[in-house]
Amino acid sequence: MSLTIRPIEQHELEIYSRVLLEAVLWLQNQQMPLWTPEQVTPEALLQSCRLEECHLAFLKGQPVAGMILQNEDALWDGLEAGSALYVHKLAVSRTRAGQRLGREMLDFAREEAARRGKSLLRLDASARHSGLCKYYENYGFQKVASRHLEAIDFHLNFYQMPAEVSEKTWA
């Protein structure tokens, strides 16, 4: 499998939004809502990140997954010190579920963190989604904190792992 992962271009923001919307609707159908459709529109995405922070994965020229990679995350303020790259809104197309693409996206993010001179890869996950938390833990992330966001009644677990460089090429 030859996966190409790269920052998106302006005209691909809608594609990333559709990948996320597919995940939103599937999670809602599973009675495990995580994001709302309104949170994954192109406009909403650009309110929380810059275009160059959004990444898409392509398999045989078709978009199959996406994520946001950011150099900082205010939710981590006061939790853990360290130079890190932060993963947000990682989603894999349902037509490609179970093909280890999520792991490949995390591999890429981990290597990208190292390339950027960061020592850690970090993410947060809804504590209510035990399967998702277990997925990250099985990948190798260590839970380092939990926090309740009272304003929106949301519980988060915070995870991190060392960044790592490999010889694999992604584009």
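Tutor: Helix 4 (residues 130–139) lies across strand 4 (84–92), strand 5 (120–126), strand 6 and strand 7 (154–162), and runs at about 160° to strand 5. Such an angle is taken between N-to-C directions, from 0 to 180 degrees, with axes that are lines fitted to C-alpha atoms, for helices over the stretch in contact. Helices (H or I, at least four residues) and strands (E, at least two) are DSSP runs numbered from the N terminus. This is a predicted model, in which local features need pLDDT of at least 70 and side-chain atom pairs count only at pLDDT 80 or more, while totals for chains, interfaces and linings use all residues. Residues are numbered from 1 along each chain as its sequence is written, and side-chain values use heavy atoms, with hydrogens and water left out.

The sheet itself is open and has 7 strands, in the order 1-2-3-4-5-7-6, with mixed pairing; two strands pair if DSSP finds at least two bridges between them. Strand 1 (3–7) and strand 6 (142–149) each have a single partner strand, so these two stand at the edges and one side of each has no neighbour in the sheet. From one strand to the next, the twist averages 30°.

Strand 1 pairs with strand 2 (residues 54–59) in the antiparallel sense, over 5 bridges. Within this region of the sheet, Arg6 stands opposite Leu56 of strand 2.

Because its relative accessible area is 8%, Asn157 is buried; buried means under 20% relative accessible area, exposed over 50%, and partly exposed in between (1.4 Å probe, protein chains only). The side chains of Asn157 and Ser146 make a polar contact at 2.9 Å. A polar contact is a pair of N or O atoms within 3.5 Å; within protein, one must be able to donate a hydrogen and the other to accept it, and residues adjacent in sequence count only if both atoms are side-chain atoms. Setting aside neighbours within four places in sequence, Asn157 is in contact with residues including Leu123, Asp124, Cys133 and Ala145, where contact means heavy atoms within 4.5 Å.

Gln70 counts as buried because its relative accessibility is 11%. A polar atom of its side chain lies 3.0 Å from the backbone oxygen of Ser48. Apart from neighbours within four places in sequence, the contacts of Gln70 include Ser48, Glu53, Ala84 and Tyr86.

The protein chain has 4 helices and 7 strands, which follow the pattern β-α-α-β-β-β-α-β-α-β-β along the sequence. Of its 171 residues, 47% count as buried. Among contacts with a separation of 6 or more, 67% come from residues 24 or more positions apart.
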